[in-house]
Amino acid sequence: MKDHEKLEELKKSTPARIGVGRAGARPLTHTMLQLRKDHAAAVDAVYGEVDESILQQLGLFTVETCYGNKVTYLKRPDLGRIITDEGMAVIRERCVKQPQIQIVVSDGLSADAITANILDVYPALLDSLRANDLTPGTSFYVKGGRVACMDHIGEVLQPDALVLLIGERPGLVTAQSMSAYMCYKPRKGTIESDRNVISNIHRGGTPPLEAAAHIGTMLKGMLERQTSGTNFF
């Protein structure tokens, strides 16, 4: 009985599949069906798209990377780091140059993550920037983006800091997890250790509104210290 109580306590502390039982050498039917359901949700998240009405509601225009299609996107991560020439022309035309804070949204590896979280995170992030006396530039959406697309954007717009809200690689616990990657003066040649990140933004992880407040505070600190990444801490 004592061991059973410890197992139940452990199960309540994690979303991992532990103590699910078995029928002979195989998982229970309901466990296997849930696993297949979660796997299907992960696949849908990768191949899905963010509804245009959501982007319009937030006032975000769209540019694309050189990813071409989802199959190429998965095989060639490097193409998701480069905005198309047409996209860069739109960014130059429509965006404020040298903004204090540049906000970019991208589907990344989970369109569902953006769909589930962005309507909460984005307005709250704008509130957090105002509370920290920070001024955003012209926000927009990047279709088929990878994290390092922020460096290509940084080369052109030259913001003091850039935050990329992007869908994470979906797992079997959730397909709706978003990350916020931040970098002080991102430019060509930026390495991953130069970035700050708040990950697992979803209703079962870091709550969207809490994450937005934390992003604003971290951006304020980055500008004050004039650095980001490992040098920030």
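Predicted model: local features only at pLDDT ≥ 70, side-chain atom pairs only at ≥ 80, totals over all residues.
Gly216 touches Leu125, Ser128, Leu129, Asn132 and Leu134, leaving aside residues up to four places away in sequence; contact here means heavy atoms within 4.5 Å. This glycine is found in helix H8, where helices (DSSP runs of H or I, at least four residues) and strands (runs of E, at least two) are numbered from the N terminus. Gly216 is buried, with a relative accessible area of 0%; buried means under 20% relative accessible area, exposed over 50%, and partly exposed in between, with a 1.4 Å probe and protein chains only.

Residues are numbered from 1 along each chain as its sequence is written, and side-chain values use heavy atoms, with hydrogens and water left out.

Turning to the protein as a whole, there are eight helices and eight strands. The C-alpha atoms fill a box of roughly 65 × 40 × 35 Å along the principal axes. Of the 233 residues, 47% are buried. Among contacts between residues at least 6 apart in sequence, 71% join residues at least 24 apart.

The nonpolar cores come next. A nonpolar core is a set of buried Ala, Val, Leu, Ile, Met, Phe, Trp, Tyr and Cys residues joined through side-chain atoms within 4.5 Å. In soluble globular proteins, nonpolar side chains tend to be buried together. The largest core here has 37 residues, and those that touch the most other members are Ile101, Ile103, Val163, Leu165, Ile215 and Leu219. At least two residues of this core come from each of helix H3 (52-58), E4, helix H6 (111-131), E6, E7, E8 and helix H8 (208-225). H6 provides the largest share, 10 residues. Not counting residues up to four places away in sequence, the contacts of Leu165 include Ile103, Val105, Ile114, Ile118, Val121, Leu125, Met178, Ala180 and Ile215. Another core lies apart from the largest one and has 19 residues, among them Phe61, Met88, Met150 and Val156.

Helix H7 (residues 149-157) is mostly covered, with seven of its nine residues buried. These are Cys149, Met150, Asp151, Ile153, Gly154, Val156 and Leu157. Their cover includes helix H5 (85-94) together with strands E4 (101-106), E5 (140-143), E6 (161-167), E7 (178-184) and E8 (195-201). After H7 comes Gln158, which has a positive phi near 50°.

Rings of Phe, Tyr and Trp (its six-membered ring) pair if their centres lie within 6.5 Å, and planes under 30 degrees apart count as stacked, over 60 as edge-to-face and the rest as tilted. By this rule there are three aromatic pairs. One of them is the stacked pair of Phe61 and Phe140, at 5.3 Å centre to centre and 20° between the planes. Phe61 lies in strand E3 (residues 61-64) and Phe140 in strand E5, so the pair ties together parts that are 79 residues apart in sequence. Both Phe61 and Phe140 are buried. Tyr67 and Tyr73 form an edge-to-face pair, with 6.0 Å centre to centre and 90° between the planes. Tyr67 is buried, with a relative accessible area of 7%, and Tyr73 is buried as well, at 2%.

Tyr73 also has charged neighbours, where a charge sits over a ring if NZ of Lys or CZ of Arg is within 6 Å of the ring centre and within 35 degrees of the ring normal. Lys70 lies over the face of Tyr73 at 5.3 Å from the ring centre, and the charged end of Arg146 sits over the ring of Tyr73, 4.2 Å from its centre.

Thr227 is buried, with a relative accessible area of 15%. Apart from neighbours within four places in sequence, Thr227 is in contact with Tyr184, Met222 and Phe232.
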